[in-house]
Amino acid sequence: MIDPGLEESARDKLAQDARGRIESGGSLKHEDAWGLRKMAYEIRQRTEADYRWYRFQASPELLEGLDHNLKITDGVLRFRIFKVDPETPVLGAPPSGNVLSSRPGGDRSERGGRGGRDSRDSQSRGESRGEPAEPAAPAEPAAPAEPAAPAEPAEEPATDASAPAPAAE
């Protein structure tokens, strides 16, 4: 994830440097530029980043060097190196943009509000349909999933030989 505050040529140079390191000691299998995307949370006061994705094979030494260089390179907001099964298919880029707006029916703001919690609670109890509200039935305790194991009998205190044995009932 590259800082979008950099010029596009500087972002491309960072990506080419990473690609060059990979190709110098490993084999690049797939490369994809996902472009500018909104991040789930801010990193260094940025809300979006230029996403670049590489699938490659490399030695542990190359991975260590790549890890070190990406950590100290200005302009790299975040990176991850994952070990994946070589047989795993390469997937395309995930959809960009607001997930809500890509749903059928559009953005929730276009459909109007859902109301506050009080209005939802009263609707679920039937108050909005002109029916009287009924008190909720108390919840019944859940039955245990497994029967409880019988408790082990405690050791009986030593009895005096002269004392009569307790009667069994």
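The side chains of Lys71 and Asp67 meet in a salt bridge with an N to O distance of 3.1 Å, where a salt bridge denotes a side-chain nitrogen of Lys or Arg within 4 Å of a carboxyl oxygen of Asp or Glu. By this rule the count comes to eight salt bridges. The structure is a predicted model, in which local features need pLDDT of at least 70, side-chain atom pairs count only at pLDDT 80 or more, and totals for chains, interfaces and linings use all residues. Residues are numbered from 1 along each chain as its sequence is written, and side-chain values use heavy atoms, with hydrogens and water left out.

- Lys71 and Asp67 both belong to helix α2 (residues 60-72), four residues apart, about one turn of the helix; helices (H or I, at least four residues) and strands (E, at least two) are DSSP runs, numbered from the N terminus.
- Lys71 counts as exposed because its relative accessibility is 57%, whereas Asp67 is partly exposed at 25%; buried means under 20% relative accessible area, exposed over 50%, and partly exposed in between (1.4 Å probe, protein chains only).

**Other salt bridges**
- Arg46 and Asp3 form a salt bridge through their side chains, at 2.6 Å from N to O.
- This pair links distant parts of the chain, with Arg46 in strand β2 and Asp3 in the segment before α1 (8-25), 43 residues apart.
- Arg46 is partly exposed at 30% relative accessibility, while Asp3 is buried at 13%.
- Asp50 forms a salt bridge with Arg52, and their closest N and O atoms are 2.9 Å apart.
- With a relative accessible area of 4%, Asp50 is buried; Arg52, at 23% relative accessibility, counts as partly exposed.
- A network of salt bridges links Arg11, Asp12, Asp50 and Arg52.

- Strands β1 and β2 run antiparallel and are joined by 12 bridges; two strands pair if DSSP finds at least two bridges between them.
- One of the residues with a bridge partner in β2 is Ser27, whose partner is Gln57.
- Arg44 is found in the loop between β1 (26-43) and β2 (46-58), and Gln45 lies in the loop between these strands as well.
- The hairpin has two residues between the strands.

**Backbone and exposure in the loop**
- Most residues other than glycine have a negative phi.
- Arg44 has a positive phi near 50°, and Gln45 has a positive phi near 60°.
- Arg44 counts as exposed because its relative accessibility is 53%.
- Gln45 likewise counts as exposed, at 70% relative accessibility.
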